[in-house]
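Subject: A structure for you to look at

Hello,

Here is the structure I promised to pass on. Have a look at it first, and then read my notes below.

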Amino acid sequence: MPRATPLTSTRRRGVAVATAGLAALLALTGCTPGGGKGGGTGEDGGAASSVPAAGGTALHAVGTLTVKGRAPKTGYTRARFGTAWADTDGNHCGTRDDILKRDLTEVRFTDGHCKVASGTLKKDPYTGLAVQYERGRSKVDIDHLVALSDAWQKGAQQWPGRKRVALANDPLNLIAADSSANRQKGDGDAATWLPANKAYRCDYVAHQVAVKKKYGLWVTQAEKDAMTQVLSGCPKLKLPAGGGPTEAPERFTAK
């Protein structure tokens, strides 16, 4: 058997340079030699990994959602989900003020404990910027992560009224956000709108998945593909949990 030709000093230096260059590239991209990223924002737009997602993750939960076409919007009104910001948890504060208290800092009240007069959204999830809240002149909205009209077209029109009231007031489905960004979103789903703040995209989509799974709402194929693409950039992100019951107390009704 012929012996391998020893590397010359010049060739050894060339191999060392190539190896160092590859290591630097991997460090810069956040990749490992085995491929993939360790976490992230879901902004890379790459194809989903062929490795099965671990149970309990948002990425795994996407695969359990029912896929169907979008139903007509016929019959939708905000009243189908009950009176806006109903006190479904019985703490004597409306849901809007509950979320403002949860998400703002430097909160001041008009009545000592409930109605939020002012505060600061230190880092708006949709833009990444600080936004000031002042009651009556607010640049902060309370957004339904899964828009109510989107829910209506993907299962909610078939629900009893108390379940729709529960969805509209569930803290799991609500977030304080910049009003301009929220209005740009409209009733879009993950296939048609994502936050400009890429660092929040994984959490945003994970919450949408959690809400749809909790309430049994379906997704379109385009929506599922968009969710999978985002969450493939953060495959270890746990599926959010919590929020309120999926049925409001008997004292609440919706048309």
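Let me start with the contacts across the chain: among those with a separation of 6 or more, 72% are between residues 24 or more positions apart. Please keep in mind that this is a predicted model.

The chain counts 255 residues, 40% of them buried. Its accessible surface is about 13500 Å², and carbon and sulfur atoms hold 55% of that.

Next, the sheet. Three strands form an open sheet in the order β1-β2-β3, and their pairing is antiparallel. Which strands stand at the edges? They are β1 (105–109) and β3 (131–134); each has a single partner strand, so one side of each has no neighbour in the sheet. On average, neighbouring strands here are turned by 5° against each other, if direction is ignored. Three bridges link β1 with β2 (residues 116–121) in the antiparallel sense, and Phe109 has Val116 in β2 as its bridge partner. Helix α3 (residues 95–103) packs on this sheet and touches β1, β2 and β3. The direction of α3 makes about 40° with that of β2.

Helix α5 (residues 161–168) is worth a visit too. Six of its eight residues are buried, so α5 is largely enclosed by the rest of the structure. If you want to find the buried ones, they are Gly161, Arg164, Val165, Ala166, Leu167 and Ala168. Their cover includes the strands β4 and β5 (174–178), as well as the helices α4 (148–153) and α7 (201–215).

That brings me to β4 itself (residues 140–144), where you will find Asp143. Is Asp143 buried or exposed? Its relative accessibility is 5%, and because buried means under 20%, Asp143 counts as buried. The side chain of Asp143 makes a polar contact of 2.9 Å with the side chain of Lys185. Lys185 is also one of the residues that Asp143 touches once its neighbours within four places in sequence are set aside; the others are Tyr126, Asn173, Leu174, Ile175 and Asn182.

If you have a moment to turn the model around, I would begin with Asp143 and Lys185, whose side chains are joined by that polar contact, and then move on to α3 where it packs on the sheet.

Enjoy exploring, and write back with any questions.

Best wishes

Note on methods: Residues are numbered from 1 along each chain as its sequence is written. This is a predicted model: local features need pLDDT of at least 70, side-chain atom pairs count only at pLDDT 80 or more; totals for chains, interfaces and linings use all residues. Side-chain values use heavy atoms; hydrogens and water are left out. Helices (H or I, at least four residues) and strands (E, at least two) are DSSP runs, numbered from the N terminus. Buried means under 20% relative accessible area, exposed over 50%, partly exposed in between (1.4 Å probe, protein chains only). A polar contact is a pair of N or O atoms within 3.5 Å; within protein, one must be able to donate a hydrogen and the other to accept it, and residues adjacent in sequence count only if both atoms are side-chain atoms. Contact means heavy atoms within 4.5 Å. Two strands pair if DSSP finds at least two bridges between them. Axes are lines fitted to C-alpha atoms, for helices over the stretch in contact, and angles run from 0 to 180 degrees between N-to-C directions. Accessible areas come from the Shrake-Rupley method with a 1.4 Å probe; for residues, only the protein chains shown count as cover.
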